[in-house]
Amino acid sequence: MMARATIYVGCTVPQLLRGAQSRIFPSHSPLGVLRHSAFCYCTGNGTIKSKRKMDHLERTANNFRQEVITQAKVCGITNESETVKRLRLAIANKDFTFKAGQWVDFFIPGVSVVGGFSICSSPGLLEREGILELAVKHTAHPPAHWIHTECTLDSEVALRVGADLHGYQEGKGNRHKLGTAKLYYSAKNTSELLFKKNILGLMKAFPGKILCCFHVTQQRSQICKELQPHITEGRISEKDLEKHVSNDTSWYICGPPPMIESISKLLTNIGVPRNCVFFEKWW
């Protein structure tokens, strides 16, 4: 396989079901009730027309989901920024797996609304330690609000993996040559640049292969020395991206819908083919 360049453009986001489930959660338990409700939502509401804002299960009703669900227990809560908490979850079910880039349906006892959160840890951490991590922005949405105001160590929830883009199967004989990846990451200020230390560590581990340019739009304090070489003040612009346009470049966009639409138009304007641009708008 030829090496490809990959560009990631993103920003911080302001913003269980058949046989296996019945073995994990009895139907009379709170999680069993949530499981039944979720099943009805996902199978009976493929097309929903309403003036109200659709919730996570409605928006993702047509997305592929694994049947495996699991109970999980909160084993760590960390403030990644003033508005984002990192949740560490101990996974009980050994059959529970996921792939990098997937998200989970997040079921909370006593909360009728189901959350949908991207997984921010690697599959390797789950394999080694049985741990999965989520990064959740504080919003008024009930699951996010619960995580920021009521969730404690040993709180129990339920998870199911969704959005497995499983069309491509690597053959055993495939040879993959490592390409390059550049991340354009925009946030209000450096405190909202989540996982910046992890990203800097990857840049050092893979020099010339993994690159990152952080953008800040409302920085009011001094930027630390370690970050200064990688910081640009202002939004991600056409000038930033046009230098990467080529036939071998794939573009991945992550952020709130208005940002995705804006960057998509920008990429069209600089000549990037639509089949090279990838994103999800599922919230």
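## A buried glutamate and its partner

Glu192 is buried, at 4% relative accessible area (buried means under 20%, exposed over 50% and partly exposed in between, with a 1.4 Å probe and protein chains only). This is a predicted model, where local features need pLDDT of at least 70, side-chain atom pairs count only at pLDDT 80 or more, and totals for chains, interfaces and linings use all residues. Side-chain values use heavy atoms, leaving out hydrogens and water, and residues are numbered from 1 along each chain as its sequence is written.

Glu192 meets Lys137 in a salt bridge, 3.3 Å from N to O (a side-chain nitrogen of Lys or Arg within 4 Å of a carboxyl oxygen of Asp or Glu). Lys137 is buried too, at 18%. Since Lys137 sits in strand β6 and Glu192 in the loop between β8 (180-187) and α6 (196-205), the pair ties together parts 55 residues apart in sequence. Strands (E, at least two residues) and helices (H or I, at least four) are DSSP runs, numbered from the N terminus.

Within it, Arg88 and Glu133 pair up with their closest N and O atoms 2.5 Å apart. That links strand β3 (residues 84-91) to strand β6 (residues 131-137), with the two residues 45 apart. Arg88 is partly exposed at 26% relative accessibility, while Glu133 is buried at 6%.

## One more pair, and the count

Glu156 and Lys73 form a salt bridge as well, at 4.0 Å between the closest N and O atoms. Glu156 belongs to strand β7 (residues 156-162) and Lys73 to strand β2 (residues 65-79), so this pair ties together parts 83 residues apart in sequence. Both ends are partly exposed: Glu156 at 37% and Lys73 at 36%. The count comes to 7 salt bridges.
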